[in-house]
Amino acid sequence: MTTPTAESALATGDAVPDREETISRDELEALQLSRLQHTVAYAYDRVPLYKRKFDEAGVHPTDLRELSDLGKFPFTTKEDLRLEYPFRMFAVPQKEIARIHASSGTTGRATVVGYTKQDLADWAKLVARSLRASGVRPGMKVHNAYGYGLFTGGLGAHAGAEALGCTVIPISGGQTERQIQLIQDFEPDAILATPTYLLTIADAMIKQGIDPASTSLKYAVLGAEPWTEEMRHELEVTMNIKACDIYGLSEVMGPGVAGEAVETQDGSHIWEDHFRPEIIDAFNPAVGVDSVLGDGEHGELVFTSLTKEALPIIRYRTKDLTRLLPGTARPAHRRMGRITGRSDDMIILRGVNLFPSQIEEIALRIPELSPHFQLELTRPEGQRMDQLTVRIERRDAVSVESSASAAKVLQQQIKIHVGSSCTVDVVDPGSLERSNGKLRRIYDLRPKA
């Protein structure tokens with residue numbers, strides 16, 4: 001069976017691909033090198049942090065003669081952006097900044113990102129490209145349940161849907177009952193949200209006596225948090241939709257850095273005409289070409305922007321753990337494997353590395369258990385070993401007795417597949433916190449040192 005391509009999948013008259021989606025890999029890499037050489041020199045000349053870091057590392061923009069030379073340059077981290085707060089990472093004068101976004105700053109000083117008018121146009125183009133790849137078409141009504149404000153998700157997705165030629169319903173996150181009312185009244189074709197918030201909407205529909213599969217929704221484009229194939233299946237069956245991933249992060253651009261094709265649903269294609277990805281060993285990130293892992297190897301995703309004006313970013317460590325794979329629906333553009341977690345979300349439990357996505361993957365294979373769970377880390381008084389408790393809801397029709405048996409199965413499966421013991425506490429449906437955007441999975445209740 002031949003893998004669908006951009007040309008064959010989009011030859012519908014109303015979904016014409018960008019030229020860069022269909023060029024050859026050789027053409028794409030030549031474009032990358034040209035843009036990369038410009039960006040590295042541009043950042044060195046205009047952003048004091050980069051001049052300082054390059055000089056300290058003993059590298060100069062003229063050292064970048066081929067794509068592999070990027071490995072000689074130092075990484076950029078979230079801490080770099082925090083230290084340069086608020087605007088010292090900007091490469092253009094303030095009068096050329098058309099918009100500012102920022103992180104919440106809940107784990108430290110906020111990271112601030114800026115955009116020129118051209119940056120905003122490029123961003124909208126790439127979000128539109130991602131939505132189109134995921135099945136959204138011009139003229140469709142799009143229900144946007146990403147949060148608006150300083151978070152890049154809402155406005156980024158909004159502008160991309162408008163650029164594609166869609167009618168946008170800017171509901172933002174939260175107000176779940178109103179979300180449901182508008183989905184029924186406005187009859188949108190597609191919804192944009194985090195996967196856990198879409199699950200919240202579906203659960204709320206069921207409680208209201210509404211069949212989530214009966215709505216007008218046909219497509220969901222979901223991002224801003226890791227999710228598994230098991231979660232995709234749960235949402236697609238429950239809501240009778242096709243669910244695709246969209247990837248991005250504020251420091252690199254926002255949503256639309258990569259998007260998943262609806263015809264293959266095999267991972268998000270990175271738009272490599274605008275971003276150069278690398279994979280490094282997340283826990284041994286020595287600077288140098290030898291630190292870059294090959295395609296197919298699992299590690300931390302690193303991005304360098306190729307076209308950004310206001311905030312060029314060089315070798316930004318995302319902390320997202322994945323691997324790079326050959327392109328399929330967009331052959332020249334490599335795909336990201338499913339993000340298994342973030343290096344800063346990893347739980348080290350009795351010497352074993354564990355991610356929330358592993359628990360989700362295992363739990364959703366057990367019919368009695370729902371996708372709603374929390375992980376609680378404790379250290380009982382007088383003990384030196386940490387304890388993990390998985391608190392997870394049983395499904396509505398499942399009895400307490402049946403859920404007790406399911407708890408034992410989950411406990412055994414975690415021991416087999418993750419390699420660590422834990423306690424499983426199955427709780428009543430609706431008793432755990434629901435997502436209004438990004439869901440908190442880990443609750444660290446251990447005594448502070």
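Select Tyr44, Tyr50, Phe54 and Phe73 to begin, since ring pairs link these residues into a cluster; rings of Phe, Tyr and Trp (its six-membered ring) pair if their centres lie within 6.5 Å, and planes under 30 degrees apart count as stacked, over 60 as edge-to-face and the rest as tilted. The model is predicted, with local features needing pLDDT of at least 70 and side-chain atom pairs counting only at pLDDT 80 or more, while totals for chains, interfaces and linings use all residues. Residues are numbered from 1 along each chain as its sequence is written, and side-chain values use heavy atoms, with hydrogens and water left out.

A search of the whole structure finds seven aromatic pairs. Select next Phe275 and Phe303, an edge-to-face pair with 6.2 Å centre to centre and 75° between the planes. This pair links distant parts of the chain, 28 residues apart, with Phe275 in strand E10 (residues 275-280) and Phe303 in strand E11 (residues 299-305); helices (H or I, at least four residues) and strands (E, at least two) are DSSP runs, numbered from the N terminus. Both Phe275 and Phe303 are buried, where buried means under 20% relative accessible area, exposed over 50% and partly exposed in between (1.4 Å probe, protein chains only).

Asp18 is buried, with a relative accessible area of 16%. Leaving aside neighbours within four places in sequence, Asp18 is in contact (heavy atoms within 4.5 Å) with Lys125, Arg129 and Arg132.
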